[in-house]
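Open the model in your viewer and keep the sequence beside it.

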Amino acid sequence: DVSWVAAVVPGWRESRAEVHETIEECLMLKGDILLGRRGVMGPGSYFWRPPLVEHGPMFSLNGGAFFFRSKGGGLTTRHVPVPEWEELVARYKATQPYFGRAS
């Protein structure tokens, strides 16, 4: 089992989905992150994910800080292409008051 803190900078993106062989859990400490079709996390958001659940693509407007844990071993990652990732990110940006809106 492994625990760690991770961070992403504003504008960070991963165009592929991820799949892990172990349980993964996460508490979002600060910021925002789009997890593809699974929705958006903000400060205080939490997930517990069983092994082999596809999640992503990911995008953060403002950056973020996270506390992660894996159960059942270290976290290995397999990436899966997501053809519509640009559309998912564009829809998320359009929901934000200062990003992606024409004046």
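Two strands pair if DSSP finds at least two bridges between them. Helices (H or I, at least four residues) and strands (E, at least two) are DSSP runs, numbered from the N terminus. This is a predicted model: local features need pLDDT of at least 70, side-chain atom pairs count only at pLDDT 80 or more, and totals for chains, interfaces and linings use all residues. Residues are numbered from 1 along each chain as its sequence is written, and side-chain values use heavy atoms, with hydrogens and water left out.

**The sheet.** Select Val-2 first. Its bridge partner in E9 is Ser-70. Now show residues 64-71, strand E9: 7 bridges join this strand to E1, and the two run antiparallel. Widen the view to an open, antiparallel sheet of 4 strands, ordered E1-E9-E4-E7. Which strands stand at the edges? They are E1 (2-8) and E7 (46-49); each has a single partner strand, so one side of each lacks a neighbour in the sheet.

**Arg-49.** Stay on strand E7 and pick Arg-49. Is Arg-49 buried or exposed? Arg-49 is buried, at 8% relative accessibility (buried means under 20% relative accessible area, exposed over 50%, partly exposed in between; 1.4 Å probe, protein chains only).

**His-20.** Go to strand E3, residues 16-20, and select His-20. His-20 is buried too, with a relative accessible area of 2%. Follow its side chain to the backbone oxygen of Thr-76, at 3.0 Å.

Methods:
A polar contact is a pair of N or O atoms within 3.5 Å; within protein, one must be able to donate a hydrogen and the other to accept it, and residues adjacent in sequence count only if both atoms are side-chain atoms.
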